[in-house]
Amino acid sequence: MTQPKVWIIGNRGMLGTELSELFASRGISVTGTDREVDITSQDALNAFAAEYKPEYIVNCAAYTAVDKAEDDRELCRALNADGAGNIARAANRAGARLVHISTDYVFNGNGTRPYREDDPTDPTGVYGLTKRDGEVFVLQENPESWIIRTAWLYGQHGNNFVHTMLRLMGERDELRVVNDQFGSPTWARDLAGIVADFIVLSGAGTSVPFGIYHYSNGGEISWFDFAREIFSLGKRFGILDSGRNVTILPCSSAEFPAKVRRPPYSVLDKSKISSVLARDVPGWKESLSQYLKIKASKGKY
Ligand SMILES: NC(=O)c1ccc[n+]([C@@H]2O[C@H](COP(=O)([O-])OP(=O)(O)OC[C@H]3O[C@@H](n4cnc5c(N)ncnc54)[C@H](OP(=O)(O)O)[C@@H]3O)[C@@H](O)[C@H]2O)c1
């Protein structure tokens, strides 16, 4: 079977790097670009697509600094909304299907049950608003697109909560972590596997309906309980000294004032993706444990 030809945009970011590694390990023919093919330039995107002739494009490029975005609205919009639209237009012109990554921040986080794909969006900050507009532009410009909303992403590359916690737990005797925001952590490698599934299934001729999907790891937890599990597993796998004692205290979001209010509840309902791809969603604890085990064996974090 011939492998589909894939272009990963934003290939040096946290998810893009993980995807590039996973695709290469599965023998999927992939090329990647980051800032050198600027997503704010339609001409640059069209020119690269014309030369590489991808069958699939995955967009991992975005403006992801949630608080900074409040003071940097134009750049954030240029990337997350207009840039996403540019990519979808380039994909359409090249006859390529697009996987676009979006976020739980399109919701206001006031829900009391996991968010479904057709729940009304109501972003509360510039980042969420521009990501929501990006979704709209993507579906307008290239109806042959899959949009995957995800949340609480961590992985081997880049800054993320797991790395920050491990670092602070190695440095401090006491930590305060918010206990009033609930969500589901997502290992970037699990999400990369889902993206690969869309492409491989579609490349093999299986019809995978286009549109919006939700994906995170299973279960729900507060940042505080997530931090406690990182501490416990970090010690178990030898990333942190097994005798180390750090007092982890719960606190409220009010103790960490931020420019943008964080969604108090951002659990995503994964039943659609699970049924379309016929795949179980691994629980957050299982994935965190697998991730930290790998990290420990490579001796770095
Ligand atoms: N991280 C999370 O917790 C999270 C949660 C939910 C959804 N998401 C979504 O998941 C996706 C991937 O997130 P991530 O955390 O992997 O993002 P990331 O690490 O910030 O990666 C984004 C990449 O895009 C690049 N980029 C910036 N401006 C560009 C431009 N003009 N043209 C081309 N590339 C450009 C960045 O380069 P520089 O680093 O040089 O700026 C970076 O390599 C995003 O769509 C994000 O909204 C993330």
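This is a predicted model: local features need pLDDT of at least 70, side-chain atom pairs count only at pLDDT 80 or more; totals for chains, interfaces and linings use all residues.

Reader: Okay. How many helices and strands does the chain have?

Author: The chain has nine helices and twelve strands.

Reader: And what is the radius of gyration?

Author: It is 19 Å. A compact globule of 301 residues would come out near 19 Å, so the chain agrees with that. The C-alpha atoms fill a box of roughly 55 × 40 × 35 Å along the principal axes.

Reader: Now the sheet. What is the strand order?

Author: The order is 2-1-3-4-5-10. This is an open sheet of six strands, and the pairing is parallel.

Reader: Which strands stand at the edges?

Author: Strand 2 (29-33) and strand 10 (211-214) do. Each has a single partner strand, so one side of each has no neighbour in the sheet. From one strand to the next, the twist averages 20°.

Reader: Let me zoom in. How many bridges join strand 1 to strand 3?

Author: Four bridges. Strand 1 covers residues 5-9, strand 3 covers residues 56-59, and the two run parallel. For a spot to look at, find Ile9, which stands opposite Asn59 in strand 3.

Reader: Which strands does helix 4 lie across?

Author: Helix 4 (residues 126-141) lies across strand 4 (97-103), strand 5 (145-150) and strand 10. Helix 4 runs at about 160° to strand 4.

Reader: What does helix 6 touch on the sheet?

Author: Helix 6 (residues 188-203) touches strand 1, strand 3, strand 4 and strand 5. Its direction makes about 165° with that of strand 5.

Reader: Switching to helix pairs. At what angle do helix 2 and helix 3 pack?

Author: About 35°, with the axes 9 Å apart. Helix 2 is residues 42-52 and helix 3 is residues 73-94. Their crossing is right-handed.

Reader: Which residues meet there?

Author: From helix 2, Gln42, Leu45, Asn46, Ala49 and Ala50. From helix 3, Asn86, Ile87, Arg89, Ala90, Arg93 and Ala94. That contact has six nonpolar, three polar and two charged residues.

Reader: What about helix 5 and helix 7, at what angle do they pack?

Author: About 65°, with axes 10 Å apart. Helix 5 is residues 161-171, and helix 7 is residues 223-236. This crossing is right-handed too.

Reader: Which residues make that contact?

Author: Helix 5 brings Val162, Met165, Leu166 and Met169. Helix 7 brings Ala227, Ile230, Phe231 and Gly234. By class, that is seven nonpolar, one polar and no charged residues.

Key:
Residues are numbered from 1 along each chain as its sequence is written. Axes are lines fitted to C-alpha atoms, for helices over the stretch in contact, and angles run from 0 to 180 degrees between N-to-C directions. A crossing is left-handed if the near helix is turned anticlockwise from the far one by less than a right angle, and right-handed if clockwise. Two residues are in contact if their C-beta atoms, placed from the backbone, lie within 7 Å. Ala, Val, Leu, Ile, Met, Phe, Trp, Tyr, Cys and Pro count as nonpolar, Asp, Glu, Lys and Arg as charged, and the others, Gly among them, as polar. Two strands pair if DSSP finds at least two bridges between them. The radius of gyration is taken over C-alpha atoms; the globule rule is 2.2 Å times the number of residues to the power 0.38.
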